[in-house]
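Subject: Structure handover and notes

Hello,

Please find the structure below. My notes on it follow, grouped by topic.

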Amino acid sequence: MTPTPLDYFSSLVRQDDAIPLFESALTLGQDCYPDVDIFACQIEVDQMALKLKQRLSADASHIQKLRVLNHFFFQEQAFAGNINNYYDPDNSYLHRVISSRRGIPISLAVLYMELGQQIGLNMKGVSFPGHFLMKLSVQSGDIVLDPMNGSSLSREELEERLEPYLERRDYGDELPLAAYLRAAHPREILTRMLRNLKAIYTESHHWQHVLEVQQRLVILLPDEITERRDRGLAHAHLAEAQAALDDLEAYLTLRPDAEDADSVRQKLPELRHACRRPN
C-alpha cells in the first residue's frame, strides 16, 4: 500500500535524534499542495548549496562562510520577509517560499540553516518569543542572526526585543536572555511552524486545513493531549461526529479537571446524538 503524506511525516519525525528538519518542514506543504514535488525542491536547494561550495576555499573560516551565505541568500537569491502579506499560509510552506523568495522568520531560517549545514556551518534555530532567530557558535561566542535579513543582533538588541514578552521584571539588572537563546530541537521548530498555520487557519475558519494541521501535531506531539482535543474540535466543526467524540472523550479521560473540561463535556451529548443518526 502506498504510504500517505501523514505516514511519510510520521516516519521522518519518529526518532528525536534523527529528525531531518528541512525535509520534514517541506512535507507540511503536502496538505494544501498534494502534488508538491519534495524531491525536486531538495534538488533545487542542493544546487544552491553547490554554488556556495564552489565559492569557498577549503580553509574558509566560519565567518567567511557566513558572509558568503548571507550575500548569496539575501542579495543574489533575494530571499526576504513577506512583510506585505505576513499571514499568508504560503509563508510557512517551504516549496512556496523557495518559489516566491518570500517567507516569515521561521521558514526563511529553516531554508537558510539547510544551506548553512551543507557548507559546514552548524546553524541552530532559536525559538525566540515573537520572532524566530538563528545562531552560529564560533570561537568568540554565539552569532545571533535575524532570518528576515541576515543581520547579526547585539545583546542590547536582543534584550530590547525580549522585554515586551517578559511577564515579570524581578530579575534584577539582567534580563534572563540566555534562557531564550538555547538551540531549538527540530521537533520544537516543526511544532512552531504548525502552530503558526493552526492560528492562521483557525482565525479564518478553514476547518479542513485546521484538521490537516492537527493531524500532524498529534503525530509530532503524541503526549500533548491538548492537540488531540483541538483535533476533536476541528472534527466537530466539520460535522465528523464520531472522530470528534473519540478525541474529546480521550481528552477528558486524561484531563478530567482541566479548566475547559466542562465546556468540552457540553459538546458530547450533541456529538453522541449525531453518531446515532442514520447516514
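Helices (H or I, at least four residues) and strands (E, at least two) are DSSP runs, numbered from the N terminus. This is a predicted model, in which local features need pLDDT of at least 70 and side-chain atom pairs count only at pLDDT 80 or more, while totals for chains, interfaces and linings use all residues. Residues are numbered from 1 along each chain as its sequence is written, and side-chain values use heavy atoms, with hydrogens and water left out.

Arg-231 lies in helix 10 (residues 225–237). Buried means under 20% relative accessible area, exposed over 50%, and partly exposed in between (1.4 Å probe, protein chains only). Arg-231 has a relative accessible area of 15%, so it is buried. Its side chain is joined to that of Asp-247 by a polar contact of 2.7 Å. A polar contact is a pair of N or O atoms within 3.5 Å; within protein, one must be able to donate a hydrogen and the other to accept it, and residues adjacent in sequence count only if both atoms are side-chain atoms. Not counting residues up to four places away in sequence, Arg-231 touches Leu-211, Gln-214, Gln-215, Val-218 and Asp-247; contact means heavy atoms within 4.5 Å.

Ser-107 is in helix 6 (residues 105–118). With a relative accessible area of 0%, Ser-107 is buried. Leaving out residues up to four places away in sequence, Ser-107 touches Asn-91, Ser-92, Leu-94, Val-97 and Met-193.

Helix 11 and helix 13

Helix 11 (residues 241–254) packs with helix 13 (residues 268–276) at an angle of about 145°, and their axes are 9 Å apart. Axes here are lines fitted to C-alpha atoms, for helices over the stretch in contact, and angles run from 0 to 180 degrees between N-to-C directions. On the side of helix 11, the contact is made by Ala-241, Gln-242, Ala-244, Leu-245, Leu-248, Glu-249 and Leu-252. On the side of helix 13, it is made by Leu-268, Leu-271, Arg-272, Ala-274 and Cys-275. By class, this contact has 9 nonpolar, 1 polar and 2 charged residues. Ala, Val, Leu, Ile, Met, Phe, Trp, Tyr, Cys and Pro count as nonpolar, Asp, Glu, Lys and Arg as charged, and the others, Gly among them, as polar.

Aromatic pairs

The structure holds 6 aromatic pairs. Rings of Phe, Tyr and Trp (its six-membered ring) pair if their centres lie within 6.5 Å; planes under 30 degrees apart count as stacked, over 60 as edge-to-face and the rest as tilted. One of the pairs is that of Phe-74 and Tyr-112, which is tilted, at 5.8 Å centre to centre and 35° between the planes. Phe-74 lies in helix 4 (residues 62–76) and Tyr-112 in helix 6, so the pair ties together parts that are 38 residues apart in sequence. Phe-74 counts as buried at 10% relative accessibility, and Tyr-112 is buried at 0%.

Tyr-86 and Tyr-87 form an edge-to-face pair, 5.4 Å centre to centre with 75° between the planes. Tyr-86 is partly exposed, with a relative accessible area of 29%, whereas Tyr-87 counts as exposed at 64%. Phe-73, Phe-74, Phe-79 and Tyr-112 form one aromatic cluster.

Loop residues

Phe-132 is found in the loop between strand 3 (124–126) and strand 4 (133–138). Phe-132 is buried, with a relative accessible area of 2%. Among the residues that Phe-132 touches, not counting those up to four places away in sequence, are Pro-105, Ile-106, Pro-147 and Arg-192.

Asn-149 is in the loop between strand 5 (141–145) and helix 7 (155–162). Asn-149 is partly exposed, with a relative accessible area of 44%. A polar contact of 2.8 Å joins its side chain to that of Ser-151.

Positive phi

Most residues other than glycine have a negative phi. Arg-101 is not a glycine but has a positive phi of about 65°. Arg-101 lies in the loop between helix 5 (94–100) and strand 2 (102–103), and counts as buried at 19% relative accessibility. Ala-239, also not a glycine, has a positive phi of about 60°. Ala-239 lies in the loop between helix 10 and helix 11, and is exposed, with a relative accessible area of 68%.

Regards
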